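Please view the sequence and the structure first.

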Amino acid sequence: MVSTIQQENISLNFKPKKFLVWLFVVSSTIMFGGWTSYYLVFMASKGKGHGLVLPEVFTYSTGVLLISSISLFLAARALKTGSRNKQRMFLWVTFILGIAFGVMQFQGWTSLYQTGAVLVNNNAAISMIYVVSGVHLLHIVAGLAFVLSSLIGSYKNVSQEVAEYRQDITSIFWHFIDILWIYLYVFLLLNS
Amino acid sequence: MSTISLHDTHHDDHGHGHHHETFLTKYVFSQDHKMIAKQFLITGIIMAVIAMLLSILFRIQLAWPDKTFPLLETFLGKWAEGGRIKPDFFLALVTIHGTIMVFFVLTAGLSGTFSNLLIPLQIGARDMASPFMNMLSYWFFLVACIIMMSSFFVQTGPASGGWTIYPPLSAVPKAMPGSGLGMTLWLVSMVIFVASSLIGSLNYVSTILNMRTKGMDLWKMPLTIWALFLTAILGILSFPVLVSGVVLLIFDRSFGTSFYLSDIVFGTEILPNEGGSPILWQHLFWFLGHPEVYIVIMPALGISSEIISVNSRKPIFGYHAMVYSLIGITVLSFIVWGHHMFVTGMNPLLGGVFMITTLIIAVPSAVKTFNYLATLWRGNIRFTPAMLFAIGLVSFFISGGLTGIFLGNASLDINLHDTYFVVAHFHLVMGSAAIFGMLAGVYHWFPKMFGRMMNPKLAYLHFWLTFICAYLVFFPLHFLGLDGVPRRYYAFTEFEFMNKWLTVNVFVTWSAIIAALAQVAFLFNFFYSIFRGKKATQNPWEANTLEWTTPVEHLHGNWPGEIPAVYRWPYDYSKPGADQDFILQTTPFSETMSSNLPHDFEGNEEAERIQKEWEAANKPVQE
């Protein structure tokens, strides 16, 4: 009797916590919405955008991030079917791809810098590229922490419930930052 | 059977690791929502006292611009050299007064206190969705307070560009003394504050949506919960925009970008920044800033709905209308921010749009006001201190709301913008009203927080002095504004046409001083009653909501046994046919057969049949 109530409570506690991640997704979207609105109003009033051809490496990093999302999806599916080893492997793939994404973003910034499109710029639209991609990278770091917590849970052999909970919040967050980057990248491509 | 279930939950509570409570885990790093509510409240009260003292300081300057007060130099040193407040410090005073009141007192102090206290207690939950994040929210708030106050201890003084920190004063560190380190501290403090507020809001929304007790559907929630819920949603949707604005401001200040800056000249030096626009800051700021004023007032409105209904011994008039108007205010608040910017050279057509949306907000606000009055109408009113403050809120909300219709009008606003008319308007409608809502809440739920009652005589003294003085302070300011006296002016007497307002300013300052002294009655009452107040009974106001079914002595998990289930809405007061003039939400309809009404059963035919059978069997004897 006691144990059933406890179990009930655990799953009861997970639902609101998962919901918290969704709410965070909403508020983070709005923060980026603030920046892209700034960008649109700036462009409308000054009659110019960043006016650059974005570095090619951003296209590749977008691809890498997409693949990482797929591998995270596979990890979640592996966990559901009960094969922890497979989940672990896909989590590691996601983690490494996440790091690769970060490295490529740095390369992107370097090549922007080399073409003279620096952060401190009289064209605020160019500075904005650094701001949004920089803050997005901070989200990636947070996402990597989530992936790590799933990984640690996997090595510690936590109960299926806890493992699925960790995997779930990792998935929500990681897919969000994936979609977020695609939005930002397409936005910057369209509004040059 | 009951002992078994009690044992189970008891065990369960301790399963979360709260078995060995030390002083630190109970009072300092507490994860219990009731303790966190008290922490928010007491921190909020301390910040309110500080902000009030700051306002007295700048009121002294406004009333006696040519007098010297050597005492001021004793306390303030070089900021009041020769006993007169310096211009830079004056600007810092108004800036920090506004910042503290809006963010630290009326956002964190109000929402933080009552969301934490009431959400789990009134919806029937053991605690918040994430007690740990809840604790984090408080500690972020405290750190933000300390950083903000620390700016009084730097040589160049606190931020002084106004609480709206418009660039370039906020973006160019050498613009004025307060733009330096003080401004940096302001920004750091505000980033931490926003984090605290967001963590809190996420928690409140998740708790309300996921952790209601059995039977507590959305339409059975008290209006306090509705108000706190919608406030939290407003916070989640608007604070992130402030973050995006502040991040760009930090880049402008510290890294030399030009998001908000262009064509700035210092003497002979031209700053390199080019191409930005300070108007864009205003857009980002007011997209938060306007919802922010509803974040301030909505919890107060929710609190007074509850208190007015309890103390009128009547159901709240138009419960659904109350909820829909809160939702209406929430939605509309996002499309009115432009009314703060009518004088920025905005396209008149756009100004017209913002004007219309702004004036539409008067509709839900008026619905609420009339519903309060209709609830009071022919009620069996108990003038408890909480009730007086709640009625005071209604009064301020009306008086301040009326001037909102003037200011929302673009053509009038061009004249009234940045005058004392604006100051008078918002101090009544969101300042005094929200403070009165907060005080009403404190008086009403003090027994729930501390298990003791506050002294009613001191409370009445506090109410009447504060109520009268608040009007004496803010009502005359309208006339200054109509005459064109601008706000935030250090030496308005330098302009001949404003000289005649000096006597009015003396009157206003004396009223403010008396109002400040009246708060001593509250502070003494509050802190004395925590330790020495009369012991509270379980349900001192005879209210229906769930929090009054918990024991007076706090315990982790709120209810000793199972969480009670809810059967009815929270406003069954003076129901015809009932034995008492209040029926707890936990009382099933089967126990109140004599007072049930057909619509109580929400179309449940079985229940209606049973009720009809009972009525047939218990027909009253015709005389």
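Two residues are in contact if their C-beta atoms, placed from the backbone, lie within 7 Å. The model discussed here is predicted.

Q: With which residues is B:Leu393 in contact, leaving aside its neighbours within four places in sequence?
A: B:Leu393 is among the residues with the most contacts inside the largest nonpolar core, which has 228 residues. Leaving aside neighbours within four places in sequence, the residues in contact with B:Leu393 are B:Ala300, B:Ser304, B:Ala433, B:Phe436, B:Gly437 and B:Ala440.

Q: How many helices and strands does the secondary structure of chain B have?
A: Chain B has 623 residues, of which 52% count as buried. Its C-alpha atoms fill a box of roughly 95 × 60 × 50 Å along the principal axes. The secondary structure comes to 18 helices and 2 strands.

Q: What is the radius of gyration of chain B, and what does the globule rule give for 623 residues?
A: Chain B is as compact as a globular protein of its length, because its radius of gyration is close to the value from the globule rule.

Q: Which element gives the largest share of the side of chain B that touches chain A?
A: The contact takes 37 residues from chain B and 32 residues from chain A. On the side of chain B, two or more residues come from each of α1 (2-15), α7 (181-210), α8 (223-255) and α9 (278-312). The largest share, 11 residues, comes from α8(B).

Q: How many residues of the side of chain B that touches chain A are nonpolar, polar and charged?
A: That side is formed by 37 residues of chain B. They divide into 18 nonpolar, 16 polar and 3 charged.

Q: Where in α8(B) does a kink of about 30° lie?
A: The helix α8(B) has 33 residues and reaches 47 Å from its first C-alpha to its last, close to the 48 Å expected at 1.5 Å a residue. Its kink comes shortly before the proline B:Pro240, at B:Ile236.

Q: Why is α8(B) largely enclosed by the rest of the structure?
A: A residue counts as buried if 20 or more other C-beta atoms lie within 10 Å of its own. The helix α8(B) is largely enclosed because, of its 33 residues, the number buried is 30.

Q: Which residue takes a positive phi of about 90° just after α8(B)?
A: The helix α8 of chain B covers residues 223-255. The residue just after α8(B) with this positive phi is B:Gly256.

Q: Which two residues are joined by a cis peptide bond with omega of about 5°?
A: One of the two residues, B:Pro168, is found in the loop between α6 (131-150) and α7 of chain B. The cis peptide bond joins B:Pro167 and B:Pro168.

Q: Is B:Ile165 buried or exposed?
A: B:Ile165 lies in the loop between α6 and α7 of chain B. Its phi is near 35°, a positive value in a residue other than glycine. With 23 other C-beta atoms within 10 Å, B:Ile165 is buried.

Q: What is the phi of B:Asp418?
A: B:Asp418 has its place in the loop between α14 (410-416) and α15 (420-450) of chain B. B:Asp418 is partly exposed, with 15 other C-beta atoms within 10 Å. Its phi, a positive value in a residue other than glycine, is near 60°.

Q: What is the C-alpha to C-alpha distance in space between B:Ala516 and B:Met52?
A: B:Ala516 lies in helix α17 (residues 502-532) of chain B. Not counting residues up to four places away in sequence, B:Ala516 touches B:Met52 and B:Ile56. B:Ala516 and B:Met52 are 464 residues apart in sequence, while their C-alpha atoms are apart in space by 7.1 Å.

Q: Which pattern does chain A follow along the sequence?
A: Chain A has 192 residues, of which 37% count as buried. It contains 5 helices and 0 strands. Read along the sequence, its pattern is α-α-α-α-α.

Technical notes
Residues are numbered from 1 along each chain as its sequence is written. Chains are lettered from A and ligands numbered from 1 in the order in which they are written. This is a predicted model: local features need pLDDT of at least 70, side-chain atom pairs count only at pLDDT 80 or more; totals for chains, interfaces and linings use all residues. Helices (H or I, at least four residues) and strands (E, at least two) are DSSP runs, numbered from the N terminus. Ala, Val, Leu, Ile, Met, Phe, Trp, Tyr, Cys and Pro count as nonpolar, Asp, Glu, Lys and Arg as charged, and the others, Gly among them, as polar. The expected span of a helix is 1.5 Å times one less than its number of residues. The bend at a residue is the angle between axes fitted to the seven residues ending there and the seven starting there. A residue is buried if 20 or more other C-beta atoms lie within 10 Å of its own, exposed if 12 or fewer, and partly exposed in between; C-beta atoms are placed from the backbone. The radius of gyration is taken over C-alpha atoms; the globule rule is 2.2 Å times the number of residues to the power 0.38. A nonpolar core is a set of buried Ala, Val, Leu, Ile, Met, Phe, Trp, Tyr and Cys residues joined through C-beta atoms within 7 Å.
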